[in-house]
Amino acid sequence: MDDNASFHLATVDVSAINRYGILFLFIIGTLGNLLNVYVFSRPRLRHNTCVLCLLLSSFLNFLVLIFGAFIRCLIGFNIDLTYNSSIFCKIHLYMIYVSQSVSLWLIVLACIDRYLSSSLNIVHHRWINRQKTSFIMSCILILTSLSYIEVFYCFEASLITKSICSAKSQLCSYIDTANFLILNSFLPPSLMLGFGAAMLINIKQSHKRIEDTQSYPRPIHRINRRDKQLISMLLLEVVLIVISMVPITIIKFYLTATSLRRKSQQQINNEYFAYQILITVSYINSSGMFFIYTLRGKLFRIELIRLFDRLLCCYQQNQLRQQIPHMAWIHPIEHF
């Protein structure tokens with residue numbers, strides 16, 4: 001197979017992935033994140049600081065799917081909104097980077113929150129309050145937004161980049177890769193794994209302390225059922241994030257490190273295809289959280305069932321309202 005045929009085949013395969021794979025992730029991810037936002041905003045849950053982080057993270061994942069997966073899906077149908085449009089190119093990438101990064105750092109904050117809540121040290125529990133959490137979330141948003149300002153300088157969709165939305169120089173490519181690796185794909189998963197391991201240690205110590213108090217009764221901090229469910233949901237979420245983000249981290253670092261090396265057209269085509277596949281895999285993080293919460297969160301499932309019950313009740317009431325006038329016309333009631 002010659003180089004042109006190989007490139008054409010890789011392009012066709014990528015278009016098919018964008019057209020069907022990304023579309024599937026976009027649909028289930030959009031519905032899932034909207035349901036996440038609804039459930040986590042319920043009065044029973046939204047006052048919890050960890051749930052507040054998950055609520056905002058779900059909303060930001062929704063933005064990632066809109067600006068990332070949806071635009072990529074359109075490219076699969078040969079509709080590229082970023083082509084030859086520098087303004088939309090910059091806004092599109094900026095929204096993806098910032099939304100994804102802030103979402104990941106909010107999960108890190110949620111892990112820290114659950115680590116403190118599961119600690120046997122009562123002093124750590126005093127650090128958990130809504131005011132401090134809101135302040136830290138505001139700092140995360142501001143610092144991340146400032147960190148990705150470089151996008152407005154480094155990316156173009158003009159004659160410099162052959163009308164394709166990409167970095168306009170090698171230096172810009174290095175800066176973009178470093179930013180992505182630090183803020184999106186390396187630090188957040190590493191911190192999540194660290195605090196996730198710390199949570200497991202806290203839970204193990206709590207169980208051991210409970211066993212000890214059976215022989216020598218004394219006051220002890222117990223992890224309540226809601227905290228256990230949130231910790232379980234977070235740990236599974238961390239696993240999903242690591243699985244979906246680590247591959248794109250590796251290939252992005254590899255492509256940047258070998259960008260100046262001479263490569264055959266076949267190798268370039270293979271790298272292009274692999275990179276596009278792993279970008280698709282990275283969207284699993286933004287679209288799959290709903291299934292994690294449904295699988296491991298009993299409180300989440302209860303609120304979700306209540307929502308479906310309300311929708312079913314509203315549907316039945318509407319059906320009843322439509323049938324009553326019809327029944328009255330068929331069987332008129334005479335008034336005497």
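Guide: In this predicted model, the side chains of arginine 114 and aspartate 113 meet in a salt bridge.

Visitor: What makes the contact of arginine 114 and aspartate 113 a salt bridge?

Guide: The N to O distance is 2.3 Å. The rule asks for a side-chain nitrogen of Lys or Arg within 4 Å of a carboxyl oxygen of Asp or Glu. So the label holds for arginine 114 and aspartate 113.

Visitor: Why is arginine 114 called buried?

Guide: Its relative accessible area is 2%. Buried means under 20%, so arginine 114 qualifies. Aspartate 113, at 6%, is buried too.

Visitor: How do you know that arginine 44 and glutamate 303 form a salt bridge?

Guide: Their side chains meet at 3.9 Å, N to O. The limit is 4 Å, so the pair counts. Arginine 44 lies in the loop between H1 and H2, and glutamate 303 in H12, so the bridge ties together parts that are 259 residues apart in sequence.

Visitor: Are these two partners buried or partly exposed, and why?

Guide: Arginine 44 has 37% relative accessibility, so it is partly exposed, between the 20% and 50% cut-offs. Glutamate 303 has 3%, under 20%, so it is buried.

How values were computed. Residues are numbered from 1 along each chain as its sequence is written. This is a predicted model: local features need pLDDT of at least 70, side-chain atom pairs count only at pLDDT 80 or more; totals for chains, interfaces and linings use all residues. Side-chain values use heavy atoms; hydrogens and water are left out. Helices (H or I, at least four residues) and strands (E, at least two) are DSSP runs, numbered from the N terminus. Buried means under 20% relative accessible area, exposed over 50%, partly exposed in between (1.4 Å probe, protein chains only).
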